[in-house]
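Here is a short briefing to read with the model open beside you. Please have your viewer ready.

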Amino acid sequence: MDIRNLKGSVVALVTPFHADGSVNFEKLRELTLWHIENKTDAILALGTTGESSTMTHEEDDAVLRCVIEAAAGRVPVIAGTGSNATGTMLEKSLRAEELGADGLLLITPYYNKGNAEGICRHFTTVADAVKIPCILYNVPGRTGCAISVENVEKLSRHPNICGIKEASGDMSYAMKIAHCIGPDFALWCGNDDIAIPLLSIGGSGVISVWANIMPRECHDMVMDYLEGRREQAAASALKHLALMNGLFMEVNPIPVKTALNQMGKDVGPFRLPLCEMTEAHQAQLWSLLKKAGLVK
């Protein structure tokens with residue numbers, strides 16, 4: 001499926017685990033179908049929220065294959081194939097394309113960072129080699145480096161780079177790259193709490209953590225805005241803002257997986273170095289879910 005004109009809510013899907021830490025593929029299929037039923041517009045597998053940094057390449061392949069098969073062409077499936085090693089990102093990207101992914105999410109080279117030209121080549125190496133569209137991922141709070149405005153301008157002109165997931169939380173930066181938006185380059189919000197402001201400067205939607213627990217509401221909020229029901233979209237964002245922020249009271253995806261477990265979705269534990277939330281935070285999260293009507 002073509003993701004170049006995609007709009008709406010893309011869930012950054014969690015990866016469910018069994019108690020022993022192995023991937024729960026039955027639950028993964030169940031979650032995929034639940035998102036399709038609840039109007040999620042596309043699924044991002046193997047992102048930060050999916051704990052891909054703790055998974056083997058073989059597990060990555062198996063998770064992606066499972067999501068693609070469950071989605072069965074009803075919604076696009078985007079694969080997170082980033083790495084701090086460009087060669088590894090290339091290998092993973094070619095494999096994701098072979099497995100049938102509709103697009104790729106490519107992160108900046110965390111830890112070793114790279115200079116401006118190196119970061120540019122990091123992305124173009126993959127974009128030159130694959131045939132499916134690539135989305136840049138700017139999240140300096142995670143990676144320790146950002147994609148410069150100049151590099152966004154340059155990379156936005158690449159025929160196989162179709163957009164950027166902007167997750168710095170910096171509206172000033174977002175404003176500086178907004179002029180790159182056009183028919184061939186989209187801006188995606190990577191922070192649920194500022195989705196409406198990014199939509200207001202031309203964004204196509206949100207790549208969302210919140211959508212894991214409220215997929216229909218996330219889809220509706222974005223489409224309300226894009227279809228002109230802006231007051232309704234803003235009201236929804238404000239109504240759910242405390243819950244969106246609560247999903248980051250500890251490092252993602254600890255709160256969102258905890259929330260899903262509290263809701264009875266049984267997505268299982270985490271992989272170290274992630275572990276259980278504090279009891280105080282679990283109680284706070286339960287309170288937020290109860291207020292949203294997600295638990296009794």
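Strand β2 (residues 42-45) runs parallel to strand β3 (residues 77-80), and three bridges join the two. Within this pair, L44 has I78 of β3 as its bridge partner. This is a predicted model, in which local features need pLDDT of at least 70 and side-chain atom pairs count only at pLDDT 80 or more, while totals for chains, interfaces and linings use all residues. Residues are numbered from 1 along each chain as its sequence is written, and side-chain values use heavy atoms, with hydrogens and water left out.

**Barrel and helices**

- The eight strands form a closed barrel in the order β1-β2-β3-β4-β5-β6-β7-β8, with parallel pairing; two strands pair if DSSP finds at least two bridges between them.
- From one strand to the next, the twist averages 25°.
- Strands (E, at least two residues) and helices (H or I, at least four) are DSSP runs, numbered from the N terminus.
- Helix α3 (residues 86-99) lies across β3 and β4 (103-107), at about 165° to β4.
- Helix α4 (residues 116-129) lies across β4, β5 (134-138) and β6 (161-166), also running at about 165° to β4.
- For these angles, axes are lines fitted to C-alpha atoms, for helices over the stretch in contact (heavy atoms within 4.5 Å), and the angles run from 0 to 180 degrees between N-to-C directions.

**Nonpolar cores**

- A nonpolar core is a set of buried Ala, Val, Leu, Ile, Met, Phe, Trp, Tyr and Cys residues joined through side-chain atoms within 4.5 Å, where buried means under 20% relative accessible area with a 1.4 Å probe, protein chains only.
- The largest nonpolar core has 84 residues, and L64, L104, I164, W210, I213 and M221 touch the most other members.
- Helix α2 (residues 57-71) supplies the largest share of this core, six residues.
- Apart from it lies another core, of 17 residues, including L6, A42, Y137 and C162.
- Leaving aside neighbours within four places in sequence, I164 has contacts that include I135, Y173, F185 and W188.

**N38**

- N38 sits in the loop between α1 (25-37) and β2.
- N38 counts as buried because its relative accessibility is 18%.
- Not counting residues up to four places away in sequence, N38 touches P215 and R216.
- N38 and T88 are 50 residues apart along the chain, and 34 Å separates their C-alpha atoms.

Note on methods: Buried means under 20% relative accessible area, exposed over 50%, partly exposed in between (1.4 Å probe, protein chains only).
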